[in-house]
2 protein chains.
Amino acid sequence: MYRTVTCGELRLSDVNKTVTLAGWVQRIRKMGGMTFVDLRDRYGITQLAFNQEVNKEVFDKANTLGREYVLQVTGIVEERYSKNSNMPTGDIEINVTELNVLNEAVTPPFTIEEDTDGGDDIRMKYRYLDLRRECVRKNLELRHKMAFEVRRYLDEQGFLEVETPVLVNSTPEGARDFVVPSRMNPGQFYALPQSPQILKQLLMVAGFDRYFQIVKCFRDEDLRADRQPEFTQIDCEMSYVEQEDVLNMFEGMSRHLFKVIKGIDLPKLPRMTWADAMKYYGSDKPDTRFDMRFVELMDVLKGYGFSVFDNAAYIGGICAQGAASYTRKQIDQLTDFVKKPQIGAKGLVYARVEADGTVKSSVDKFYTQEVLQQMKEAMNAEAGDLILILSGDDAMKTRKQLSELRLEMGNQLGLRDKNKYSCLWVIDFPMYEWSDEEQRLMAMHHPFTSPKPEDIPLLDTNPAAVRANAYDMVINGVEVGGGSIRIHDAKLQQKVFEILGFTPEQAQRKFGFLMNAFKYGAPPHGGLAYGLDRFVSLFAGLDSIRDCIAFPKNNQGRDVMLGAPGVIDQDQLDELQINVVNKA
Amino acid sequence: MYRTVTCGELRLSDVNKTVTLAGWVQRIRKMGGMTFVDLRDRYGITQLAFNQEVNKEVFDKANTLGREYVLQVTGIVEERYSKNSNMPTGDIEINVTELNVLNEAVTPPFTIEEDTDGGDDIRMKYRYLDLRRECVRKNLELRHKMAFEVRRYLDEQGFLEVETPVLVNSTPEGARDFVVPSRMNPGQFYALPQSPQILKQLLMVAGFDRYFQIVKCFRDEDLRADRQPEFTQIDCEMSYVEQEDVLNMFEGMSRHLFKVIKGIDLPKLPRMTWADAMKYYGSDKPDTRFDMRFVELMDVLKGYGFSVFDNAAYIGGICAQGAASYTRKQIDQLTDFVKKPQIGAKGLVYARVEADGTVKSSVDKFYTQEVLQQMKEAMNAEAGDLILILSGDDAMKTRKQLSELRLEMGNQLGLRDKNKYSCLWVIDFPMYEWSDEEQRLMAMHHPFTSPKPEDIPLLDTNPAAVRANAYDMVINGVEVGGGSIRIHDAKLQQKVFEILGFTPEQAQRKFGFLMNAFKYGAPPHGGLAYGLDRFVSLFAGLDSIRDCIAFPKNNQGRDVMLGAPGVIDQDQLDELQINVVNKA
């Protein structure tokens, strides 16, 4: 036992106790005959006091310490003269009588402080030092707590956590698999799972009734800021349920997490159809922390000789409250924003509502004040508001552009407070979406997703209009979870495959394994999966998932701390009976 | 909502309620005007009654059902005429008024019963049907519960569960790695972790203080009955601890599991040194459910002209109580047993203690009754006992042979009851063991294991005698967990590497990464890891870990259900810039 107490627990009531602590030197202040050392561990910081007159030997030793040295000290808890109300242990200090240096430390490559001087690259290379920073460690503590509370809730609801294998087979469709050459089966490969989708459905066939797993999943995709090659899902499936049962269960889980972790009473979650989400927000994951809904202006603004609008397939506006004061420069920046290649709008029309209620727009020469007043009314705009309008010949694309503009305005107007949470279900997703690339309908969710019963007749007449029993949970514009009711009827599954353009033979080859299992009595079932990394980063108020992952990879898929991936020995390749080609 | 109750919950107190159930047809009995169907779900079995006179339509439909059909039924709970006290729902049945076939089922390839007619191979191929059997599902339910209780205990003790990456780098030493080619870094490979050993030590450097993780680990080894290429560890590490702290913490965890899961109050665990374990049981994981300790007989039996003993480096015996009645045939079978190549003894000497106390041995011509009586006394044998003796020119090998014989006798005498648990710590493992193959000392645990402080001087004089701060938890002859206190002092680490025969350059190349991290202030730390699969199989009373794994692999590392591993497309190989060689 190296310590009797941690660095976070001593209070005034402990004064005069003799204690032993262990930890790292956070900082050292030398003040003449006194030296003060802040000793840090996971639980907090405690001030150590060394007095030249009281104990010269220990005082002299203290003056040889450096940052991040590992100490064990014994001393007496004393009340401080100058208290620090910013820290829980700020009322006391330790009058040190014994000092034992457990380990020395070379100077770290960046400061172990909330505001560190280390850039991203060096922090990742020395991640074990970066993790010493309280602000980083707190994210991992939060992650632990969230995962634990998820398990507690689901266990109480009768879910069984079942570990599914990591070494599986390559899946048809979907993203690219990571593969693992098999030494015992030369020329053959395992794949790492993109998700346990098929295995959890098999567990339903097996009668497990309620399954979950907090599980690593893998996708060999080109990486963006918010993607990692390995990520963690809260994966769930239930039998004998309809959509309503799944939504209620997991709304309950989210409510539990918000209450226990954030102290927030989540209201009953609103539900928004996918069609409404696209209509009013131009996104299937609307950020509903702020309103600023789209208003379609086709009826209002067409036919006045402004060819851009007259030829548009869609004209839509948003009303930025109180933003009429935007300068010309600010509006030019917004125009540049929507014209960025990633967004791709051709231009931006704006209209200010003046203090007297009149409207001044960038297209005044085409519109009378009367028409502009009609627009103001349609937009529900008031004096001081700024109306921003986009148009285009592809309604869906224009809506997505307007969505980006809406989010940007939300940022600029401070409407996207990270401490405020707005959650909802987006439901009634389409079964299929058209792929220009493949020139066929593709499954929007996955091919096992069940259509809404009332839309089944449309499978024959207008499959693109069929809605699915699929749902996403959206928080603050982030899709944290999503799932569907699965098809358990072989004939319906066959029809869905046909619409996807699979012949019975192709369907059998790609999905025959699951279809075969279903022959032995598949129960109605459905489920969903949450992205744990995203869920935690939302709760932590992080912009990226990276800082809630202990050892993340960079955009090249590298762990720069471990130096992975790396070259392996030729004899290892020989054993696996594979060769590297084009070896540079 | 497909059901109002499950198949496991209805009791006499529910009589007259109208309920809806869903589940699988377990069996059907047609008895003239009545048909009875056992409906099964995860929670139990409920009897459905169909009466021709009450509802002919539903009765006729019931007679078309087959095994494993998926049903939804509504009916009234009624008291049974002939109750079945063997099942919790045995007092009631459902008088079915509505029958809805949710899915038909083809005849399963084996019976879904405790005593199934399916062999191992077919059960694994149709694992999703095998998992329907209550006896298999119960193991997975136990696994869920044990993992959950481990998390609950460790969370309460302040441990943080931190997910470490699955895509890491190849480790020096140890078993063979599974590797994953990196598409984004052609010619380079990730490795799957054999354990998070280095990462958990880095988390201690990072100040995480108490870490755990229930985590998949991977070893590409040739498989035995009790090995899987992927397996699950309860991996733990603590800072500022000595061996005593670690043992106490995890003895507490085991006590918690035994109490909560098995209702057993675990006594304070005995501790046995490795030296004693080898001396008395010939094994570092002694099965202490029964005594039958080795007695060394060198002093007693040497020097009487029996050359086998006279030339032996070790002579040891065990006393099988009450086994003097063993027939000549039984003893011949024991002799064959110890002469099996896997065990490798040259022969077996036995001695019966007759009812009158005299000893009859297979080597009577060399020994007087007086010497045999001395042996009887040394063995603490009594009338009716059978003494079994092995000898050999390699003491360690002979002890291991005697250990196998002891376990076999334990089996034959019914001393290895699966419902009885005997747990202990084996401590003071040697730091090093000699490798004939490598002709050098090897680390018995791993190279970061700390020697016992009092043995550090021996590193210079007699390293083979140095004992480590390493420990195993052994239950019923199974090593369920093990770990060590780690070296946190760079100079000591250097010396340990030297003894392992590494030059400073080799040590730097193999372990420099961790040693570099340690320069920034490593705390004293230590930990251990439990094999969850083994722990669960012990609690479940299983002979193999396979049946507590949902989707295990066979001895060829194959998942015969998924058909993994398999061949992948050439374009996938091309993207990864690898080739299969010697493709048959």
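**Strands, a sheet and an interface**

A: Happy to! This is a predicted model. Let's start at one residue: G317(A) stands opposite I389(A), which lies in strand 16 of chain A.

Q: Which strand pairs with strand 16 of chain A over 7 bridges?
A: That is strand 13 of chain A, residues 314-320. Strand 16 covers residues 386-392, and the pairing is antiparallel.

Q: Switching to chain B: how do strand 2 and strand 3 run, parallel or antiparallel?
A: Antiparallel, with 8 bridges joining strand 2 (residues 34-41) to strand 3 (residues 44-51) of chain B. A hairpin through 2 residues links these two strands of chain B. One bridge partner pair is M34(B) with N51(B) of strand 3.

Q: How does strand 3 of chain B run against strand 5?
A: Those two run parallel, joined by 2 bridges, and strand 5 of chain B spans residues 92-103. There, A49(B) stands opposite N95(B) of strand 5.

Q: Okay, new topic. How many residues does each chain bring to the contact?
A: Chain A gives 122 residues and chain B gives 122 residues. Between them the chains bury about 11,000 Å², with 60% of it on carbon and sulfur atoms.

Q: Which three residues supply more of chain A's buried area than any other three?
A: E163(A), Y240(A) and Y520(A), which supply 8% of the area that chain A buries against chain B.

Q: How many salt bridges cross the interface?
A: The rule finds 12 between chain A and chain B. One of them joins D222(B) to R183(A), whose closest N and O atoms are 3.2 Å apart.

Q: What makes up chain A's side of it?
A: The residues there divide into 65 nonpolar, 27 polar and 30 charged. Helix 4 of chain A (residues 134-156) brings the largest share, 9 residues.

Q: Last one: which strands pair between the chains?
A: Strand 23 of chain A pairs with strand 23 of chain B, each at residues 578-580, in the antiparallel sense over 3 bridges. V580(A) stands opposite I578(B) there.

Technical notes. Residues are numbered from 1 along each chain as its sequence is written. Chains are lettered from A and ligands numbered from 1 in the order in which they are written. This is a predicted model: local features need pLDDT of at least 70, side-chain atom pairs count only at pLDDT 80 or more; totals for chains, interfaces and linings use all residues. Side-chain values use heavy atoms; hydrogens and water are left out. Two strands pair if DSSP finds at least two bridges between them. Helices (H or I, at least four residues) and strands (E, at least two) are DSSP runs, numbered from the N terminus. Contact means heavy atoms within 4.5 Å. Buried area is the accessible area (1.4 Å probe) that two parts lose on being put together, summed over both. A salt bridge is a side-chain nitrogen of Lys or Arg within 4 Å of a carboxyl oxygen of Asp or Glu. Ala, Val, Leu, Ile, Met, Phe, Trp, Tyr, Cys and Pro count as nonpolar, Asp, Glu, Lys and Arg as charged, and the others, Gly among them, as polar.
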